Amino acid sequence: MRISALKAVEPGVLRVVATVLPIELEGEEVLLDAYAYQGDDAAEQLVVLVHRTAEASEATIPLVRIHSGCVTGDIFHSLRCDCHQQLQMALRAICAAPFGALAYAPYQEGRGIGLFKKLQAYALQDQGIDTIDANIEIGAPVDARDYTLAGRALLELGMNTVRLLSNNPLKQQALRALGISVIERVPLVVDPNPHNRRYLETKRLRMAHDC
Ligand SMILES: [Zn+2]
């Protein structure tokens with residue numbers, strides 16, 4: 001893309017490009033609008049996929065998911081977390097709604113600590129340590145995610161009032177702090193499996209998630 005085509009949105013947020021993304025969802029083709037954003041750091045990139053039908057009016061409040069990238073879960077359908085199932089549930093809900101958006105943040109891998117450290121923490125969990133203590137053990141924050149870029153992108157897309165698909169009260173608070181009115185938080189609860197039961201329990205008991 002030519003530099004001249006780049007559009008400054010506000011300090012810290014730059015809309016790089018708007019395009020369309022046809023996806024396959026449960027055997028159906030769905031056409032989504034795709035907006036890519038670049039933060040100040042080169043690694044800080046975000047794609048927002050927007051579903052909007054003719055039924056949506058100016059007053060329709062979008063159903064929004066902010067999804068942190070998870071290579072092991074989203075791509076390989078790892079059973080150690082609930083990311084793949086949550087992503088699929090969110091896409092289904094968003095594509096069933098007249099107006100919805102999925103903001104996908106690849107750089108927030110492993111709650112923001114990155115792929116290598118996430119797998120380092122997995123190795124410690126193999127020895128019986130829970131997900132929070134494993135992060136502490138390797139000197140990584142328990143949750144290093146920052147929702148500023150996602151929040152600014154949503155505001156820039158006109159989504160200043162949303163229904164949020166999330167189990168995480170902190171995400172709701174973060175969006176509110178950025179000036180987004182979250183009128184409802186819709187939990188995405190998945191059925192546990194033997195590999196992620198403890199991970200989900202830890203998120204519920206030690207991080208106040210709804211899962
Ligand atoms: Zn995951």
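Which helix gives the most to the lining of the largest pocket? Point 3 takes this up.

1. **Basis.** This is a predicted model, in which local features need pLDDT of at least 70, side-chain atom pairs count only at pLDDT 80 or more, and totals for chains, interfaces and linings use all residues. Residues are numbered from 1 along each chain as its sequence is written, and side-chain values use heavy atoms, with hydrogens and water left out.

2. **Zinc site.** C70 (SG), C81 (SG) and C83 (SG) coordinate the zinc ion at 2.2 Å. Donors are N, O and S atoms within 2.8 Å of the metal (3.2 Å for Na, K and Ca); water is not among the atoms, so the site may look incomplete. The donor spacing in sequence is C-x10-C-x1-C. C70 sits in the loop between β5 (63–68) and α1 (71–75), and C83 in helix α2 (residues 83–96), so the pair ties together parts 13 residues apart in sequence. Helices (H or I, at least four residues) and strands (E, at least two) are DSSP runs, numbered from the N terminus. Both C70 and C83 are buried, meaning under 20% relative accessible area with a 1.4 Å probe, protein chains only.

3. **Largest pocket.** Helix α8 (residues 197–207) gives the most to the lining, with 3 residues. The lining consists of R80, Q125, D126, I129, D130, T131, H195, R198, Y199 and T202. On a 1 Å grid over the protein atoms alone, a pocket is an open set of points where a 1.4 Å probe fits, with protein on both sides within 12 Å along at least five of seven lines; lining residues have an atom within 4 Å of a point. The space in the pocket is about 170 Å³, taken as that filled by probe spheres set on the points, which are joined across faces, edges and corners.

4. **Cores.** The largest nonpolar core has 23 residues; Y37, L46, V48, V50, V64, I66 and M159 have the most contacts inside it. Elements giving two or more residues to this core are β3 (28–38), β4 (45–52), β5, β6 (99–105), α6 (148–156) and β7 (161–165). A second, separate core of 18 residues includes A34, L91, Y104 and L188. A core here is a set of buried Ala, Val, Leu, Ile, Met, Phe, Trp, Tyr and Cys residues joined through side-chain atoms within 4.5 Å.

5. V50 lies in strand β4. Its relative accessibility is 7%, so V50 counts as buried. V50 and E156 are 106 residues apart in sequence and 13 Å apart in space, C-alpha to C-alpha. In α6, the buried residues are L149, A150, G151, A153 and L154. G158 follows α6, with a positive phi near 85°.

Key: Buried < 20%, exposed > 50% of the residue type's maximum accessible area, 1.4 Å probe, protein only.
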